[in-house]
Amino acid sequence: MNIEINWIAFLQVFIAAMIGAVAVVSFYAIGLRLLVLAGRSPVVAPAEFTDAITIITEKEAKRAAKAAAKAAKKSPLTDGQKQFAFVGAIASFAVAGGAVLVGLLLIVFNH
């Protein structure tokens, strides 16, 4: 029994995976940045976990929400620029989600 590895195919898969991972992470990060620029920073409420995981208190969450609202008020952008940043954020999230969907379709349909 002789096993041969097609190193060219391995390299192609590796490069495609790296490009896909960089694209998804980059577009998601750009989307978050544009969302914050638009004055809509995501604030996540604290969750209840076991004692092994440290969580923020409700007071800290309120402080973070207050700081996010204050930062949104201090934004030097006009309303039109904020709207444009929000649309860009949604488009960026859509591209990241589309890249994940294309990757899943490639896996499922082996194309």
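The following questions and answers examine how terms are applied to this predicted model.

Residues are numbered from 1 along each chain as its sequence is written, and side-chain values use heavy atoms, without hydrogens and water. In this predicted model, local features need pLDDT of at least 70 and side-chain atom pairs count only at pLDDT 80 or more, while totals for chains, interfaces and linings use all residues.

Q: What is the confidence of the chain, and where is it lowest and highest?
A: The predictor's confidence in each residue, pLDDT, runs from 0 to 100. Its mean over the chain is 84, and 86% of the residues reach 70 or more. Helix α2 (residues 58-73) has the lowest confidence, at a mean of 78, and helix α1 (residues 7-37) the highest, at 92.

Q: What makes up the secondary structure of the chain?
A: Helices (H or I, at least four residues) and strands (E, at least two) are DSSP runs, numbered from the N terminus. The chain has three helices and zero strands, in the order α-α-α from the N terminus.

Q: Why is serine 92 called buried?
A: Buried means under 20% relative accessible area, exposed over 50%, and partly exposed in between (1.4 Å probe, protein chains only). Serine 92 has a relative accessible area of 4%, and therefore counts as buried. This residue belongs to helix α3. Of the 111 residues of the chain, 11% are buried.

Q: With which residues is serine 92 in contact, leaving aside its neighbours within four places in sequence?
A: Contact means heavy atoms within 4.5 Å. On that basis serine 92 touches Phe27, Ile30 and Gly31. Across the chain, residues 24 or more positions apart account for 70% of the contacts with a separation of 6 or more.

Q: Why are methionine 1 and lysine 70 called exposed?
A: Methionine 1, in the segment before α1, has a relative accessible area of 99% and is therefore exposed. Lysine 70, in helix α2, has a value of 56% and is therefore exposed as well.

Q: What makes the nonpolar patch on the surface?
A: Like charges are joined within 9 Å, and nonpolar side chains (Val, Leu, Ile, Met, Phe, Trp, Tyr) within 5 Å. The members of this patch include Met1, Trp7, Phe10 and Ile19, and its accessible area is about 1200 Å² together. Such areas come from the Shrake-Rupley method with a 1.4 Å probe; for residues, only the protein chains shown count as cover.

Q: How many aromatic pairs are found in the whole structure?
A: The search finds two aromatic pairs. Tryptophan 7 and phenylalanine 10 form one that is edge-to-face, with 5.7 Å centre to centre and 80° between the planes. Rings of Phe, Tyr and Trp (its six-membered ring) pair if their centres lie within 6.5 Å; planes under 30 degrees apart count as stacked, over 60 as edge-to-face and the rest as tilted. Tryptophan 7 and phenylalanine 10 are three residues apart in helix α1, and so about one helical turn separates them.

Q: Why is the pair of tyrosine 28 and phenylalanine 93 called tilted?
A: Its planes are 50° apart, with 5.4 Å centre to centre, so the pair falls among the rest, which count as tilted. The pair links distant parts of the chain, tyrosine 28 in helix α1 and phenylalanine 93 in helix α3 (residues 79-109), 65 residues apart. Tyrosine 28 is partly exposed, at 46% relative accessible area, and phenylalanine 93 is partly exposed, at 24%.

How values were computed
Patch = residues over 30% accessible without salt bridge, like charges linked within 9 Å, V, L, I, M, F, W, Y side chains within 5 Å. Salt bridge = Lys/Arg side-chain N within 4 Å of Asp/Glu carboxyl O.
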